[in-house]
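The structure is shown first.

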Amino acid sequence: MKLAIMGGTFNPVHIGHLVCAEEAVSQYGLDRVLFMPTGLPPHKEIQNGAGPEDRYRMCVLAIGGNPRFEVSRYEIDKQQVSYTVNTVRHFRRQMPEAELYFITGADAVLEILEWKDPQDLLMMATLIAATRPGYPLDKISGSLSRFLTENRVKIMEIPGIGVSSTMIRRRVSERMSIRYLVPEGIRQYINKEGLYRQE
Ligand code: ATP
Ligand code: MG
């Protein structure tokens, strides 16, 4: 059983996240990808109108029809903000027989490897770092190289998707179209709930 966790705020989930997860499934033969929306301090959510339940529901809508994708409530149900390493440890305990992966984009992998002690995480899970437009990986290959040679971090080339949640929120607030940048169900959900209208 190859299980990957893909963490993020998913505020909102967009095609960049989905392409990234799907590429990981096909390139690494994963059985399951668990989308893990983060818990966030409440004041951060209220600013733009989307709460944890909205972010969770949009993830559920977005993965519909993909039998290998699932959404976890683990982090949003915790009262405090969780560290990736603790989340991975939880699933390590829950499924000791599973081979664990953690999927990130080229920007987020930097943050993870800059933690004081990435070894703990890398002992439990293989890190898959997806290419992302605007975040060249060569800049960090120096600090990464040790983990790359040890095969604990893998660089995954994916079709470049220059979409971010920040861009989606900004476009909604500026009344620009987000059609095709997010799955149709997400576009409708954002419209219906009136999310992100104020930046
Ligand atoms: P924000 O602009 O709010 O930071 P985001 O688009 O970066 O949103 P996150 O929820 O922060 O989305 O990202 C979750 C994970 O998905 C991160 O590891 C991030 O690097 C990755 N990711 C997001 N968008 C892309 C993309 N277009 N291509 C590759 N990876 C991506
Ligand atoms: Mg981000």
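Strand E2, residues 32-37, pairs with E3 in the parallel sense, and three bridges hold this pairing in the predicted model. Within the pairing, Leu34 stands opposite Glu70 of E3. On the E1 side, E2 runs parallel to E1 and is joined to it by six bridges. Gly7 stands opposite Met36 of E2 there.

Is E2 enclosed or open to the outside? Six of the six residues of E2 are buried, so the strand is largely enclosed by the rest of the structure. In a regular strand, side chains alternate between the two faces of the sheet. The burial of E2 covers both faces: Arg32, Leu34 and Met36 are buried on one side, and Val33, Phe35 and Pro37 are buried on the other.

**The whole sheet**

The pairings belong to an open sheet of six strands in the order E3-E2-E1-E4-E5-E6, with parallel pairing. Strand E3 (69-71) and strand E6 (153-156) are the edges; each has a single partner strand, so one side of each is left without a neighbour in the sheet. From one strand to the next, the twist averages 25 degrees.

| Strand pair | Sense | Bridges | Facing residues |
|---|---|---|---|
| E2 and E3 | parallel | three | Leu34 and Glu70 |
| E1 and E2 | parallel | six | Gly7 and Met36 |
| E1 and E4 | parallel | five | Leu3 and Leu100 |
| E4 and E5 | parallel | six | Gly105 and Ala130 |

Strand E4 is joined to E1 by five bridges and to E5 by six. Six of the seven residues of E4 are buried, so E4 too is largely enclosed by the rest of the structure.

**Helices across the sheet**

Which strands does helix H4 lie across? Helix H4 (residues 84-94) lies across strand E1 (2-8), E2, strand E4 (99-105) and strand E5 (125-130), and runs at about 155 degrees to E4. Helix H5 (residues 106-113) lies across E4, E5 and E6, at about 115 degrees to E4.

Asp107 is found in helix H5. This residue touches Arg132 and Tyr135, leaving aside residues up to four places away in sequence. Asp107 and Arg132 are 25 residues apart in sequence, and their C-alpha atoms are 7.6 Å apart in space.

Tyr74 and Phe91 form an edge-to-face pair, 5.7 Å centre to centre with 75 degrees between the planes. Tyr74 is in the loop between E3 and H4, and Phe91 is in helix H4, so the pair ties together parts that are 17 residues apart in sequence. Phe91 has a relative accessible area of 10%; it is therefore buried, the cut-off being under 20%.

Ring pairs also link Phe10, Phe35 and Phe69 into a cluster. A contact of another kind involves Arg73, which lies over the face of Tyr56 at 4.7 Å from the ring centre.

**Backbone exceptions**

Most residues other than glycine have a negative phi, and most peptide bonds are trans. Where does this chain depart from that pattern?

Phe10 has a positive phi of about 50 degrees although it is not a glycine. At 1% relative accessibility, Phe10 counts as buried. A cis peptide bond joins Asn11 and Pro12, with omega at about 5 degrees.

Tyr196 is another residue other than glycine with a positive phi, near 65 degrees. Tyr196 lies in the segment after helix H9 (184-193) and counts as buried at 1% relative accessibility.

Key
Residues numbered from 1 in each chain as written. Chains lettered and ligands numbered in written order. Predicted model: local features only at pLDDT ≥ 70, side-chain atom pairs only at ≥ 80, totals over all residues. Heavy atoms only, no water. Pairing = 2+ DSSP bridges. Helix = DSSP H or I, 4+ residues; strand = E, 2+ residues; numbered from the N terminus. Axes fitted to C-alpha atoms, helices over the stretch in contact; angles between N-to-C directions. Contact = heavy atoms within 4.5 Å. Phe/Tyr/Trp six-rings, centres within 6.5 Å; stacked < 30°, edge-to-face > 60°. Buried < 20%, exposed > 50% of the residue type's maximum accessible area, 1.4 Å probe, protein only. Lys NZ or Arg CZ within 6 Å of the ring centre and 35° of its normal.
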